Amino acid sequence: DTLAYANKLIASGVARQQAEVHAETLAEIIDDKIATKQDLKELELQLTIRMGIIVAAAVAVLATIIKF
């Protein structure tokens, strides 16, 4: 919450304008650079699907080799 963060900075003696700019900039950095729980869940699903495909392909290759 940028407002709460800015208010904490103001309460500790930082000028209001500086506190607001700092809070907004930090929020932008966090939004752009840090993965959310939802991002991680989506990545986990994608990786699970890919691993399943790899395992299925490996089993198919092994089954083909064993037949010969």
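This is a predicted model: local features need pLDDT of at least 70, side-chain atom pairs count only at pLDDT 80 or more; totals for chains, interfaces and linings use all residues.
**Entry: Gly 52**

I looked up Gly 52 and found it partly exposed, with a relative accessible area of 39% (buried is under 20%, exposed over 50%, and partly exposed in between, using a 1.4 Å probe and protein chains only). Gly 52 sits in helix H3, helices here being DSSP runs of H or I with at least four residues, numbered from the N terminus.

Residues are numbered from 1 along each chain as its sequence is written, and side-chain values use heavy atoms, with hydrogens and water left out.

**Entry: Leu 40**

Next I went to Leu 40, which also belongs to helix H3, residues 37-67. Its relative accessible area is 49%, so I logged Leu 40 as partly exposed. From Leu 40 to Glu 28 I count 12 residues along the chain, with 19 Å between the C-alpha atoms.

**Entry: H1 against H2**

Then I turned to helix H1 (residues 2-11) and helix H2 (residues 16-33), whose axes come within 8 Å and cross at roughly 140°. The axes are lines fitted to C-alpha atoms over the stretch in contact, and angles run from 0 to 180 degrees between N-to-C directions. H1 and H2 are therefore oblique to each other (under 35 degrees is roughly parallel, over 145 roughly antiparallel, 65 to 115 roughly perpendicular, and the rest oblique). I noted the crossing as right-handed, meaning that the near helix is turned clockwise from the far one by less than a right angle.

Who meets whom? On the H1 side I listed Thr 2, Tyr 5, Ala 6, Leu 9 and Ile 10; on the H2 side, Arg 16, Ala 19, Glu 20, His 22, Ala 23, Leu 26 and Ala 27. Contact means heavy atoms within 4.5 Å.

**Entry: Thr 2**

I took a closer look at Thr 2, found in helix H1 and partly exposed at 38% relative accessible area. Leaving aside residues up to four places away in sequence, Thr 2 touches Ala 23 and Ala 27. Thr 2 and Val 21 are 19 residues apart in sequence, yet 9.7 Å apart C-alpha to C-alpha.

**Entry: salt bridge**

How many salt bridges did my search of the whole structure find? It found one, a salt bridge being a side-chain nitrogen of Lys or Arg within 4 Å of a carboxyl oxygen of Asp or Glu. Arg 16 pairs with Glu 20, the closest N and O atoms being 3.8 Å apart. The two are four residues apart in helix H2, so about one helical turn separates them. Glu 20 is partly exposed, at 34% relative accessibility.
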